[in-house]
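Have the sequence and the coordinates open as you read.

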Amino acid sequence: KIGRGADVIEILNRISDWSRADWPMVTFMAKAYFRERHWEKAAWLYEHAYQSHADISVLKSLLEIYAHIQQWDALTRCGQRILAEFPGSADWLKEQLERLLRQYPAYGEGYPLLAKAAMATVAPELAVRVLRDWSKLPDVDPDTVTRALQDLLQQFPGFPPALYELALFEIRGKSYSLALEHLQLLLQQDGDNYQDKVLRCLELILEAEPAQVVALRMLGDIHHRCGDWATAATHYRQLVKASPSDRQALLLRLNQVLGADAAPLPLLLLACELAIDNADFSNARRWLNQLKADESAVGKAAYLEALIEGQHGHWEAALDHLKTASQSEPDNPLVPAAVGHALQQKWQAELDRVLQLPEQTERIPRLYYEMGRVSEAAEAIQRMGSEDISMRLLLSRCFKEMGRFDLGLKQLRLLADWDPRRVLFELGTLQE
């Protein structure tokens, strides 16, 4: 009462038997040691007092003592007892831990304890922030943070910040399927505020797994909803390439979307391509007619029409459309390959026809040569035994392209008297 704490401590130190002391006496002694900063003795007495009388004031004092002496394990156990036995004091514990972590940010066990206190006081935003800070400490097990976030979501189902943080941890842990489930739920809960973050998460997943079907589908759908038709179409193409079984479902969706008169050009192109691949020529031509109405899409429409003609074996018509496509879009890299394919198919069809004729014709080796099948062309000429100058010259070229220059020269010598100027020209090509 007169504030002479040192004298009280001296008296208390003479007491050798504490067993007879009742709870008020023990707490009095603990407070005396506490005031004089005899932390270990005060803690021992408070622990003894709590065994006989569970009182929140004792745990609060213990928490403060353990903070002073930085006994973090004991402090954590004390905080856990407060939450378990005195849930009404969770607000007080939350304030103490926030202050403590500002002062001692390396107190790792304090973060999950504070998160639990935050959840107990219906403060999930604080819990997520604390768990995020905890995850940044060195040597923290990501699985432990993940479990804490899962506990948070059990108490606050569908809470967007927790869903987002959990998805990030799952991406870091390469649990992409789980991350995608949580990202889908996040879009349902708060797509307006989290759409950009979800897009970034999907990009991270695709950097690791470029053919991740669910991620590609989600990316396409998000850009579709945003009206970014070109990007949506790009991801949908990647989706169909990675999962051809998705083509039919995507076609059905596009069929619904493209019912409008002013259908987006990128989606029209995509729908037409998918329909052609699916041999759905009725819808392909319907969408193709819409494309033709757009002057900027003349080249693309011609290219797609060439594909349709090719599917029906009309290679001459396909080549005509490809010529239009090449003139309209000279930089389109798909057109040269399509032209090469159409020519090969045209020549093959003609070759199949002439091979059925009763007599061998000079058209056969020429077709083989045009198709790049030079060894077959040479064999056909030799089988025919033709003495025609043009056939001999063609045979010489075949030998040249086969690397048989000696045989090529032999053919040219046989023709020297017939057409010396042509032979000189062919000799020049051989030298090249």
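Glu165 is buried, with a relative accessible area of 7%; buried here means under 20%. This is a predicted model, so please read every value as computed from it. Glu165 sits in helix H10, which covers residues 160-172. Leaving aside residues up to four places away in sequence, Glu165 touches Val128, Arg132 and Leu149.

**Three further residues**

Arg200 belongs to helix H11, residues 176-208. Arg200 and Leu219 lie 19 residues apart in sequence, with 9.9 Å between their C-alpha atoms.

Val122 has phi near 55 degrees, a positive value in a residue other than glycine. Lys174 also belongs to a residue type other than glycine, and its phi is positive, near 65 degrees. Val122 is found in the loop between H7 and H8, while Lys174 is in the loop between H10 and H11. With a relative accessible area of 60%, Val122 is exposed, and Lys174 counts as exposed at 64%.

The accessibility values are gathered here.

| Residue | Relative accessible area | Class |
|---|---|---|
| Glu165 | 7% | buried |
| Val122 | 60% | exposed |
| Lys174 | 64% | exposed |

**Helix H7 and its partners**

Val122 follows H7, and H7 itself is mostly covered: nine of its eleven residues are buried. Among them are Gly110, Tyr111, Leu113 and Ala117. Which helices do the buried residues of H7 pack against? They pack against H5 (72-85), H6 (90-103), H8 and H9 (142-155).

Now take the pairing with H8. Helix H7 (residues 110-120) and helix H8 (residues 124-135) pack at an angle of about 170 degrees, and their axes are 8 Å apart. An angle over 145 degrees counts as roughly antiparallel, and H7 and H8 are therefore roughly antiparallel to each other. On the H7 side the contact is made by Tyr111, Pro112, Leu114, Ala115, Ala118 and Met119, and on the H8 side by Pro124, Leu126, Ala127, Val130, Leu131, Asp133 and Trp134. By residue type, this contact of H7 with H8 has twelve nonpolar residues, no polar ones and one charged.

**The largest pocket**

How much space lies in the largest pocket? The volume is about 440 Å³. The pocket is lined by 19 residues, and those closest to its centre are Arg237, Glu273, Asp277, Tyr303 and Leu334. The largest share, six residues, comes from H15.

**The protein as a whole**

Stepping back, the protein has 24 helices and zero strands. Of its 432 residues, 44% are buried. Among contacts between residues at least 6 apart in sequence, 45% join residues at least 24 apart.

How values were computed. Residues are numbered from 1 along each chain as its sequence is written. This is a predicted model: local features need pLDDT of at least 70, side-chain atom pairs count only at pLDDT 80 or more; totals for chains, interfaces and linings use all residues. Side-chain values use heavy atoms; hydrogens and water are left out. Axes are lines fitted to C-alpha atoms, for helices over the stretch in contact, and angles run from 0 to 180 degrees between N-to-C directions. Helices (H or I, at least four residues) and strands (E, at least two) are DSSP runs, numbered from the N terminus. Angles under 35 degrees count as roughly parallel, over 145 as roughly antiparallel, 65 to 115 as roughly perpendicular and the rest as oblique. Contact means heavy atoms within 4.5 Å. Ala, Val, Leu, Ile, Met, Phe, Trp, Tyr, Cys and Pro count as nonpolar, Asp, Glu, Lys and Arg as charged, and the others, Gly among them, as polar. On a 1 Å grid over the protein atoms alone, a cavity is a set of points where a 1.4 Å probe fits but cannot get out, and a pocket is an open set with protein on both sides within 12 Å along at least five of seven lines; lining residues have an atom within 4 Å of a point. Grid points are joined across faces, edges and corners, and a volume is the space filled by probe spheres set on the points. Buried means under 20% relative accessible area, exposed over 50%, partly exposed in between (1.4 Å probe, protein chains only).
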